[in-house]
Amino acid sequence: MAKHKVTMTINGQSVTAEVDSRLLLVHFIRENLDMTGTHIGCDTSSCGACTILIDGKSVKSCTYLTVRADGANITTIEGIAADGTNHPLQQAFHDQHGLHCGFCTPGMIMRSIDLLNTNPNPTEKEIRWGISGNLCRCTGYNNIVKSVQQAAKEMAKETKETV
Amino acid sequence: MIPANFTYHKATSLKEAIALSEELGEEAKYMSGGHSLLPMMKLRFATPEHIIDISKIDGLSYIKEEGDYLKIGALTTQTELEHNSLLKDKYPIFGDAIWLTADPSVRNCGTIGGNIAHGDAANDQPALMLALRATIIAHGADGEKSIPIDEFFHGFYMTALEPGDILTEIQIPKSKKNSGGAYHKVERKVGDYATAGVAVHLELDDDGVCQEIGIGLTNVSAVPMRLERGEELLRGKVITDDLIEQVGVFASEDAEPESDLRGSEAYKRSILKTITKRMLNKALERARQ
């Protein structure tokens, strides 16, 4: 079985490992690195529970070979805010009741980060289409949309303050 | 689900990729975005012994007009196509299609070259390429070749690409004045393959006579299909409501859909008629703007 040495940055930390060709990135993150915030839902790139950021872009990590991430900069749900603090999207999902069971939430948040980076002031329709690859079986999506709207406002304020 | 064992190889240049493919033989498959091939490998529908990763090859990601052509590099992702201002301004048919292709995270990975090279009539880009009369540029052991789109799709997952060939560029005749295109597909849910889809591109002269027209159909035949009878009827005429009605009927008659989870054969023929008429009207509207 072919092994490959890979080095990538995950949540700011450099990680080096020897991996099989066929190891999926979601398994590497959950099983090798013990970071279980990234979930496995459908395992067929439909549900988005495994969404992470690779070089700032949302990707379904169940459909990505670990070996292809060599040299990449990866962010998972564990890496979006310092311990004890919430990212504006995490805070908004809390404030707006954007989750019931919470299984889809990490993926929803990682996808929404990419959405708001690309489009800081999305319309409701753009939010709904923007998270169309992330399935939630509990909320009916209304409170998720409200959460993303609240976070968009908060993040716009933060950007203004830093400028 | 975990793919069967294979050996991964990364190519950093076209030359290296083609040499690897020659060396490893027919059990090697190229992977670009990996969002068609890897799902098939996880389901063990595909069990290649070697994967040659071509996604890191430099210089195959671009969208530009050059000479008489719009040229798109094969590794350009669907997301890059979606946000490109040249395509937004002059080739809105791409925006129509990409908006309906999979979902944003998949589009961050999936490439236009992969969408076409996969040779799947359920993908959206093949119908666009037929409507736009694209030429496919590929590189292989024998050098560069240029394949007209009408000779590209051979069968279910089969194309004119020989083992070792890499699709490198898509060339589309540059948008002329009084031209317009449109695409729509009916899907059961966001991100699904088409129940049926229609791509139309047409060019009018100053008197409103249709000079050129392409109509491509998605997921209603084993091989991506051109609606030849519809094109022939409209070429050289001023397009009227009656003619559009007739082409809608041709689409419903000439397509070869099969009943499946997405709908019955009769339903697919029925929606094809409707989408074809709508897309002809939308393309006409855009051409007249």
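Is E66(B) buried, partly exposed or exposed? E66(B) is partly exposed, with a relative accessible area of 37%; in this scheme buried means under 20% relative accessible area and exposed over 50%, with partly exposed in between (1.4 Å probe, protein chains only).

The model is predicted, so local features need pLDDT of at least 70 and side-chain atom pairs count only at pLDDT 80 or more, whereas totals for chains, interfaces and linings use all residues. Residues are numbered from 1 along each chain as its sequence is written, chains are lettered from A and ligands numbered from 1 in the order in which they are written, and side-chain values use heavy atoms, with hydrogens and water left out.

For 289 residues, a compact globule would have a radius of gyration near 19 Å, and chain B agrees with its 19 Å; the radius is taken over C-alpha atoms, and the globule rule is 2.2 Å times the number of residues to the power 0.38. The C-alpha trace of chain B spans about 55 × 45 × 30 Å along its principal axes. Of the residues of chain B, 58% count as buried. Contact means heavy atoms within 4.5 Å, and among contacts in chain B between residues at least 6 apart in sequence, 63% join residues at least 24 apart.

The interior comes next. In soluble globular proteins, nonpolar side chains tend to be buried together. A nonpolar core is a set of buried Ala, Val, Leu, Ile, Met, Phe, Trp, Tyr and Cys residues joined through side-chain atoms within 4.5 Å. The largest such core has 34 residues, and those touching the most other members are M8(A), L25(A), F28(A), I54(A), L65(A), I74(A) and M41(B). At least two residues of this core come from each of β1 (3-10), β2 (13-20), α1 (25-32) and β3 (51-54) of chain A, and from α2 (37-42) of chain B. A second, separate core of 33 residues includes A127(B), F153(B), Y183(B) and A199(B). Beyond its neighbours within four places in sequence, M41(B) is in contact with P3(B), A4(B), F6(B), M31(B), A46(B), P48(B) and I51(B).

Over all chains the structure holds 34 salt bridges, each a side-chain nitrogen of Lys or Arg within 4 Å of a carboxyl oxygen of Asp or Glu. E66(B) forms a salt bridge with K64(B), the closest N and O atoms being 3.5 Å apart, and E66(B) also meets K71(B) in a salt bridge at 2.8 Å, N to O. K64(B) is partly exposed at 32%, whereas K71(B) is buried at 14%. Elsewhere, the side chains of R229(B) and E253(B) meet in a salt bridge (2.8 Å, N to O). R229(B) lies in helix α9 (residues 228-234) of chain B and E253(B) in helix α10 (residues 241-254) of chain B, so the pair ties together parts that are 24 residues apart in sequence. A network of salt bridges links R133(B), D150(B), E212(B), R226(B), E231(B) and R235(B).

Finally, S179(B) lies in strand β11 (residues 179-186) of chain B and counts as buried at 13% relative accessibility. Not counting residues up to four places away in sequence, S179(B) touches H201(B), L202(B), E203(B), R286(B) and A287(B).

Methods: Helix = DSSP H or I, 4+ residues; strand = E, 2+ residues; numbered from the N terminus.
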